[in-house]
Amino acid sequence: MSAKELLYECENVHFVYPDGTPALSNVSFRIWRGDRIAVLGVNGSGKSTLLRLLDGLMEPTGGEIRFMGTTLIERNLQNPSFQRTFRQRVGFVFQDADAQLFNATVWDEVAFAPRQMGLPEEEVRIRVMDTLNLLGIAHLSERAPFRLSGGEKRKVAIACVLSMNPEVLLMDEPIAGLDPRMQSWLVNTLRLLHEAGKTLLIATHNLHLLPEIADRVLILSEEHTLLADTPLQDALQHTPLLIEAGLLHEHLHAHGDTIHSHLHTHEHHH
Ligand SMILES: Nc1ncnc2c1ncn2[C@@H]1O[C@H](COP(=O)(O)OP(=O)(O)O)[C@@H](O)[C@H]1O
Ligand SMILES: [Mg+2]
């Protein structure tokens with residue numbers, strides 16, 4: 001068996017926004033083809049920033065990110081042949097579907113990227129139909145994306161990315177805000193993509209669904225450093241680590257005249 005192909009190398013990545021806000025500090029890790037990684041961390045820890053950097057939408061202010069050996073800097077991203085390869089291989093699903101959708105119809109929305117790639121219109125038509133059918137949203141093809149429900153918009157946003165047939169999928173909190181039926185649909189879709197050999201990097205807060213969507217976790221601290229890069233099972237068994245990352249918190253509960261402490265995830269109301 002051949003060694004797994006190395007896709008991304010992040011070396012001592014720092015990012016500070018132009019207004020001086022620090023967002024990532026000294027983050028290093030690698031991603032191999034077929035990896036299924038969850039990016040964990042509290043709000044503001046830097047998850048979305050990391051995904052934007054991996055998608056080449058911004059450049060690190062320190063350190064370096066390489067995709068298949070090529071450094072993600074403006075000069076390389078503007079090189080037509082690298083740009084084409086990179087945009088074709090890496091798909092990014094934004095947290096906010098509204099920020100991603102801008103075409104008049106769902107069909108045009110999903111056709112946008114394949115057309116940009118310069119595929120012949122017949123090939124575009126086949127890709128769009130296949131993708132809409134895969135996601136069960138063919139009936140929405142003539143609808144205006146901005147008039148759809150939140151869950152439908154999320155499906156269209158995912159369809160836009162899948163229509164490119166990318167090898168790597170970067171997804172920013174794709175589960176947040178979905179109802180239970182949509183959640184299990186998404187988990188199932190992610191499993192099929194993984195089985196098809198895709199590389200998945202998913203930012204999430206959802207500890208409950210982690211075993212179904214990830215094999216490995218990257219945990220960002222509130223100080224924007226990489227607290228852990230570890231197999232999922234190790235992270236789930238290491239409660240202090242999850243508390244340190246702010247993903248679990250201890251609560252004191254009074255029951256009669258005794259007090260005990262419970263661990264809670266942030267999705268539970270208490
Ligand atoms: N466009 C921006 N300008 C300035 N600061 C930002 C911007 N976007 C995010 N930040 C800040 O960068 C830090 C990391 O944010 P973000 O990557 O969005 O974290 P997360 O996705 O984990 O919630 C936060 O302090 C956030 O307020
Ligand atoms: Mg975010």
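Helices (H or I, at least four residues) and strands (E, at least two) are DSSP runs, numbered from the N terminus. The model is predicted: local features need pLDDT of at least 70, side-chain atom pairs count only at pLDDT 80 or more, and totals for chains, interfaces and linings use all residues. Residues are numbered from 1 along each chain as its sequence is written, chains are lettered from A and ligands numbered from 1 in the order in which they are written, and side-chain values use heavy atoms, with hydrogens and water left out.

**Exercise 1. Describe the packing of helix 5 against helix 7.**

Step 1. Two packed helices are described by the angle between their axes and the distance between the axes. Axes are lines fitted to C-alpha atoms, for helices over the stretch in contact, and angles run from 0 to 180 degrees between N-to-C directions. For helix 5 (residues 106–116) and helix 7 (residues 150–162), the angle is about 30° and the axes are 7 Å apart.

Step 2. Angles under 35 degrees count as roughly parallel, over 145 as roughly antiparallel, 65 to 115 as roughly perpendicular and the rest as oblique. Helix 5 and helix 7 are therefore roughly parallel to each other.

Step 3. A crossing is left-handed if the near helix is turned anticlockwise from the far one by less than a right angle, and right-handed if clockwise. Helix 5 passes helix 7 in a right-handed crossing.

Step 4. Contact means heavy atoms within 4.5 Å. Helix 5 contributes Val106, Glu109, Val110 and Ala113 to the contact, and helix 7 contributes Val156, Ala159 and Cys160.

Step 5. Ala, Val, Leu, Ile, Met, Phe, Trp, Tyr, Cys and Pro count as nonpolar, Asp, Glu, Lys and Arg as charged, and the others, Gly among them, as polar. On that basis, the contact of helix 5 with helix 7 has 6 nonpolar, no polar and 1 charged residues.

**Exercise 2. Carry out the corresponding analysis for helix 5 and helix 6.**

Step 1. The axes of helix 5 and helix 6 cross at roughly 125° and come within 9 Å. The two helices are therefore oblique to each other, and their crossing is right-handed.

Step 2. On the side of helix 5, Val106, Trp107, Val110, Ala111, Pro114 and Arg115 take part, meeting Glu121, Val124, Arg125, Val128, Met129, Thr131 and Leu132 of helix 6. The residues of this contact divide into 9 nonpolar, 1 polar and 3 charged.

**Exercise 3. Determine how far helix 7 is covered, and by what.**

Step 1. The expected span of a helix is 1.5 Å times one less than its number of residues. The 13 residues of helix 7 should span 18 Å, and the end C-alpha atoms are 18 Å apart, which agrees.

Step 2. Helix 7 is mostly covered, with 11 of its 13 residues buried. Among them are Gly151, Lys153, Arg154 and Lys155.

Step 3. The cover over the buried residues of helix 7 includes strand 6 (90–93), helix 4 (97–100), helix 5, helix 6 (121–134), strand 7 (168–172) and helix 8 (180–195).

Step 4. In helix 5, the buried residues include Val106, Trp107 and Glu109, and their cover includes helix 4, helix 6 and helix 7. Helix 5 is followed by Gly118, whose phi is positive, near 85°.

Key:
Buried means under 20% relative accessible area, exposed over 50%, partly exposed in between (1.4 Å probe, protein chains only).
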